[in-house]
Amino acid sequence: FIEGYYIVGLLADQFLRKTGGGKVIHDPRLTWNTLDLVKAAGGEAIESKTGHAFIKQRMRDEDAVYGGEMSAHHYFRDFAYCDSGMIPWLLVAERLCQSGQTLSSLIDARIEAYPASGEINRTIDDPPKVIAAIEAKYSVGAKSVSHVDGVSIEFDDWRFNLRMSNTEPVVRLNVESRADIPLMEEKTEELLAEMQRLNEER
């Protein structure tokens with residue numbers, strides 16, 4: 001299994017190599033790998049709220065060549081902004097042929113650079129209360145706080161996104177770091193424990 005987040009970066013990079021630049025739309029759950037690859041390929045990364053309706057509309061608004069979600073949905077301007085499962089694997093196959101590398105070697109390097117928790121779901125009785133409390137606690141000393149979708153809080157060496165699901169009665173957490181697996185794991189456990197503590201408060 002390959003976390004969809006890393007495929008978004010790979011496809012964005014491959015598309016931008018073909019087009020010589022352009023805009024790429026991505027969701028805010030996990031971002032650093034995508035931002036890094038898009039910048040290196042001469043493109044512009046733009047965040048959108050999670051969900052196909054939001055991503056496709058933002059692609060049209062920005063005339064973006066590609067849009068990707070970490071949930072492994074991929075949208076293409078030249079495919080009427082629609083989601084396709086076939087196009088990504090043709091692009092990946094093309095990249096493997098061009099680079100002479102294996103898929104695992106391409107992806108492993110990105111996982112090493114930006115290790116991520118993957119999406120963790122928790123059932124919470126009062127999601128807005130818990131998300132607000134987490135934001136209040138973690139925004140102190142943060143480098144940036146964003147509300148594109150839920151709350152994204154960024155520090156120098158790690159970041160997280162916490163949001164209510166659009167489709168299920170759960171809260172979704174994603175954590176990533178800069179080349180530091182122990183830090184990512186520590187912060188993931190810390191946030192989950194704090195979410196549980198807040199959920200049990202009456």
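This is a predicted model: local features need pLDDT of at least 70, side-chain atom pairs count only at pLDDT 80 or more; totals for chains, interfaces and linings use all residues.
View 1. Ser 144 stands opposite Glu 154, which belongs to strand 8.

View 2. Five strands make up an open sheet, in the order 6-10-9-8-7, and the pairing is antiparallel. At the edges stand strand 6 (120–122) and strand 7 (144–146); each has a single partner strand, so one side of each is left without a neighbour in the sheet. On average, neighbouring strands are turned by 15 degrees against each other, direction ignored.

**View 3. Helix 7 packs on the sheet.** Helix 7 spans residues 181–200 and touches strand 6, strand 9 (158–164) and strand 10 (171–177). The direction of helix 7 makes about 155 degrees with that of strand 10.

**View 4. Now for the largest nonpolar core.** This core has 24 residues, and Tyr 5 and Tyr 66 have the most contacts inside it. Helix 1 (4–19), helix 2 (32–40), helix 4 (86–99) and helix 5 (103–113) are the elements that give it two or more residues. Helix 1 gives the most, with nine residues.

**View 5. Zoom in on Tyr 66.** Leaving aside residues up to four places away in sequence, Tyr 66 touches a list of residues including Ile 7, Leu 11, Phe 15, Lys 23, Met 59 and His 74.

**View 6. A second core sits apart.** This separate core has 21 residues, among them Ile 134, Phe 160, Val 175 and Leu 192.

How values were computed. Residues are numbered from 1 along each chain as its sequence is written. Side-chain values use heavy atoms; hydrogens and water are left out. A nonpolar core is a set of buried Ala, Val, Leu, Ile, Met, Phe, Trp, Tyr and Cys residues joined through side-chain atoms within 4.5 Å. Buried means under 20% relative accessible area, exposed over 50%, partly exposed in between (1.4 Å probe, protein chains only). Helices (H or I, at least four residues) and strands (E, at least two) are DSSP runs, numbered from the N terminus. Contact means heavy atoms within 4.5 Å. Two strands pair if DSSP finds at least two bridges between them. Axes are lines fitted to C-alpha atoms, for helices over the stretch in contact, and angles run from 0 to 180 degrees between N-to-C directions.
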